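Dear colleague,

Please find below the structure that I am handing over to you. My notes on what was found in it follow directly after it.

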Amino acid sequence: MAKSRETIATERRPVEGRLLRFVIVGAGANLLLLVLTYTLLHFGVPALTASVVGYAAAFGAAYLAQRDWTFSDISHGGSTLPRYAVAQVICAAMAGLVGKLCGSTLAWAPLETSMAVTATAAIMSYAFSKYWVFVSSES
């Protein structure tokens with residue numbers, strides 16, 4: 001039986017809302033990462049350490065918000081935390097490498113280094129979350 005337009009529109013709303021919530025949570029987590037990384041770099045913490053510490057702090061806040069707000073309408077089967085942790089360890093390692101490259105090797109200023117770290121983390125985290133971490137256990 002074909003679905004009515006109203007049914008299809010209703011089914012799309014959580015997805016559209018989910019995308020907006022994902023962007024809000026991601027922006028907040030990345031702002032936190034940017035501020036923490038910049039602050040640590042400003043106070044002389046080595047670039048690799050500052051990047052990874054900033055990322056670790058943003059990790060907890062982002063996971064809880066994504067799980068409990070962004071993807072709360074999906075049945076996850078209890079497996080999101082391990083997948084999220086693996087994804088974020090990979091993202092943290094890449095953010096750390098970008099921080100090391102930009103801050104130490106290329107001698108970029110703290111703000112530019114922080115922005116590169118933040119962009120790397122944002123792009124990788126979105127891809128992992130959308131396609132691997134927060135998928136329905138029913139699909």
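Helix H3 (residues 80–105) and helix H4 (residues 110–133) pack with their axes 9 Å apart, at an angle of about 155°. Axes here are lines fitted to C-alpha atoms, for helices over the stretch in contact, and angles run from 0 to 180 degrees between N-to-C directions. H3 and H4 are therefore roughly antiparallel to each other; angles under 35 degrees count as roughly parallel, over 145 as roughly antiparallel, 65 to 115 as roughly perpendicular and the rest as oblique. The crossing in which H3 passes H4 is right-handed. A crossing has that hand if the near helix is turned clockwise from the far one by less than a right angle, and is left-handed if anticlockwise. By class, 15 nonpolar, 8 polar and 1 charged residues make up the contact of H3 with H4. Ala, Val, Leu, Ile, Met, Phe, Trp, Tyr, Cys and Pro count as nonpolar, Asp, Glu, Lys and Arg as charged, and the others, Gly among them, as polar.

Please note that this is a predicted model, in which local features need pLDDT of at least 70 and side-chain atom pairs count only at pLDDT 80 or more, while totals for chains, interfaces and linings use all residues. Residues are numbered from 1 along each chain as its sequence is written, and side-chain values use heavy atoms, with hydrogens and water left out.

As to the chain overall, it has 4 helices and 0 strands, and its elements run α-α-α-α from the N terminus on. Helices (H or I, at least four residues) and strands (E, at least two) are DSSP runs, numbered from the N terminus. Of the 139 residues, 33% count as buried; buried means under 20% relative accessible area, exposed over 50%, and partly exposed in between (1.4 Å probe, protein chains only). The chain exposes about 8100 Å², of which carbon and sulfur atoms supply 70%. Accessible areas come from the Shrake-Rupley method with a 1.4 Å probe, and for residues only the protein chains shown count as cover. Among the contacts (heavy atoms within 4.5 Å) with a separation of 6 or more, residues 24 or more positions apart account for 76%.

H3 also packs against helix H2 (residues 47–70), at an angle of about 150° and with the axes 8 Å apart. H2 and H3 are therefore roughly antiparallel to each other, and H2 passes H3 in a right-handed crossing. The contact of H2 with H3 divides into 14 nonpolar, 7 polar and 2 charged residues.

Two residues illustrate this part of the model. Gln88, in helix H3, counts as buried at 4% relative accessibility. Tyr55, in helix H2, is likewise buried, at 7%. The C-alpha atoms of Tyr55 and Gln88 are separated by 8.5 Å, although the residues are 33 apart along the chain. Leaving aside neighbours within four places in sequence, Gln88 is in contact with Tyr55, Phe59 and Ser125.

Helix H1 (residues 5–42) contains Asn30, which is buried with a relative accessible area of 17%. Apart from neighbours within four places in sequence, Asn30 is in contact with Thr118, Ala121 and Ala122.

Finally, I would draw your attention to the loop between H3 and H4. Ala107 is found in this loop and is exposed, with a relative accessible area of 60%. Although Ala107 is not a glycine, it has a positive phi of about 55°. Most residues other than glycine have a negative phi. Ala109 lies in the loop between H3 and H4 too and is partly exposed, with a relative accessible area of 35%.

Yours sincerely
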